[in-house]
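Work through the following exercises with the sequence and the model side by side, and try each task before reading its solution.

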Amino acid sequence: MFGWWRRRRRARVLAEPFPAEWRARLELEVALWRAVPDELRSRLEDDLRLFIAERSWEPCGGLQLTPAMQAVIAAQACVLSLGHSVDAFDHVRSILVYPDRYRAPDVYEDEAGIVTEELDERDGEAWHWGTVVLAWRELAADARTLNGRNLVLHEMAHQIDLLDAVASSPFSSPDERARHRRWRETFLDLYEAFCTEVDAGRRVKGLDSYGAEDEAEFFSVASESFFERGAFLRTHQPALYELLQEYFNQDPAAWPPPPSRPEAEAVSGRERRRLRRAAERRTAKRRG
Ligand SMILES: [Zn+2]
């Protein structure tokens with residue numbers, strides 16, 4: 001019954017023409033949109049409309065969240081699921097959007113059992129029960145360029161984490177189970193090797209050292225790189241690229257180069273990254 005209702009609802013959403021205003025805005029503001037090959041574009045247009053329709057959107061902090069802004073977010077999220085189905089986000093029920101980096105109360109306990117409560121600055125987070133929180137200004141800045149840093153990809157990748165996905169498919173066929181086991185082992189080996197490099201103070205080309213925080217961060221950081229700088233990641237981290245290529249069923253390194261556009265300001269990038277790191281470290285600590 002649910003399936004029938006949903007198919008009907010989806011058909012109704014897709015029967016409407018894709019808004020020209022959204023297309024213009026995506027062309028202008030979302031580098032990833034321009035990077036996706038033409039033959040995948042109409043599929044992405046469909047997916048992002050379903051993604052918007054099937055989530056609860058909650059503007060916070062006085063933000064005026066317009067449908068075109070939802071499209072900017074959804075277009076990037078749906079690049080992650082293009083190789084499979086937008087159903088990969090079924091469990092993501094709500095998207096909260098703040099105008100800017102937001103402050104959230106954070107309570108955590110250190111090793112000595114001392115409980116600290118403080119207001120924490122964040123630009124995004126993903127809760128495992130299906131809520132994603134994003135700061136509009138930060139995500140819009142990330143969206144403009146393909147530099148391996150993308151807040152929407154990062155937080156949405158947390159929602160379709162490879163390890164979670166592999167662990168949560170007990171009904172798959174023996175072949176699939178074997179493939180998932182192989183993915184899992186390869187992924188954890190690559191994570192260990194990456195941590196060894198980071199711990200030794202060496203820079204790993206194509207990957208932000210923040211990925212060494214834990215396996216989930218490694219997956220998110222790698223996903224940002226995979227879609228935004230696929231060719232670079234394939235050159236420097238071929239085994240990781242190949243794994244993600246299989247997992248996402250996509251090959252961004254083979255996408256034709258997108259039309260160039262003026263560089264966005266890179267001044268606050270490093271600072272944004274630093275704050276995100278600090279905030280997520282605390283979130284991770286709280287999660288235990
Ligand atoms: Zn993260």
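**Exercise 1. Identify which residues of α5 meet which residues of α7, and describe how the two helices cross.**

Solution. Start with the contact itself: Ile73, Gln76, Ala77 and Leu80 in α5 meet Val152, Leu153, Met156 and Ala157 in α7, where two residues are in contact if their C-beta atoms, placed from the backbone, lie within 7 Å. Sorted by class, this contact has 7 nonpolar, 1 polar and no charged residues; Ala, Val, Leu, Ile, Met, Phe, Trp, Tyr, Cys and Pro count as nonpolar, Asp, Glu, Lys and Arg as charged, and the others, Gly among them, as polar.

The numbering used here runs from 1 along each chain as its sequence is written. The model is predicted, with local features needing pLDDT of at least 70 and side-chain atom pairs counting only at pLDDT 80 or more, while totals for chains, interfaces and linings use all residues. Helices (H or I, at least four residues) and strands (E, at least two) are DSSP runs, numbered from the N terminus.

Next comes the geometry: α5 (residues 67-80) and α7 (residues 151-159) pack at an angle of about 50°, with their axes 9 Å apart. That angle makes α5 oblique to α7, since angles under 35 degrees count as roughly parallel, over 145 as roughly antiparallel, 65 to 115 as roughly perpendicular and the rest as oblique.

**Exercise 2. Determine at what angle α7 and α10 pack, and which residues make the contact.**

Solution. The angle between α7 and α10 is about 130°, and their axes lie 8 Å apart, so the two helices are oblique to each other. On the α7 side the contact is made by Leu153, His154, Ala157 and His158, and on the α10 side by Ala216, Phe219, Ser220, Ser223, Glu224 and Phe227. These residues divide into 5 nonpolar, 4 polar and 1 charged.

**Exercise 3. State how many residues of α10 are buried, and what span the helix reaches.**

Solution. Of the 14 residues in α10, 13 are buried, a residue being buried if 20 or more other C-beta atoms lie within 10 Å of its own, exposed if 12 or fewer, and partly exposed in between. Helix α10 (residues 215-228) reaches 20 Å from its first C-alpha to its last, close to the 20 Å expected at 1.5 Å a residue. For the chain, buried residues make up 35% of the 288 residues.

**Exercise 4. Classify Arg179 as buried, partly exposed or exposed.**

Solution. Arg179 is found in helix α9 (residues 174-199). Because 15 other C-beta atoms lie within 10 Å, Arg179 is partly exposed.

Key: The expected span of a helix is 1.5 Å times one less than its number of residues. Axes are lines fitted to C-alpha atoms, for helices over the stretch in contact, and angles run from 0 to 180 degrees between N-to-C directions.
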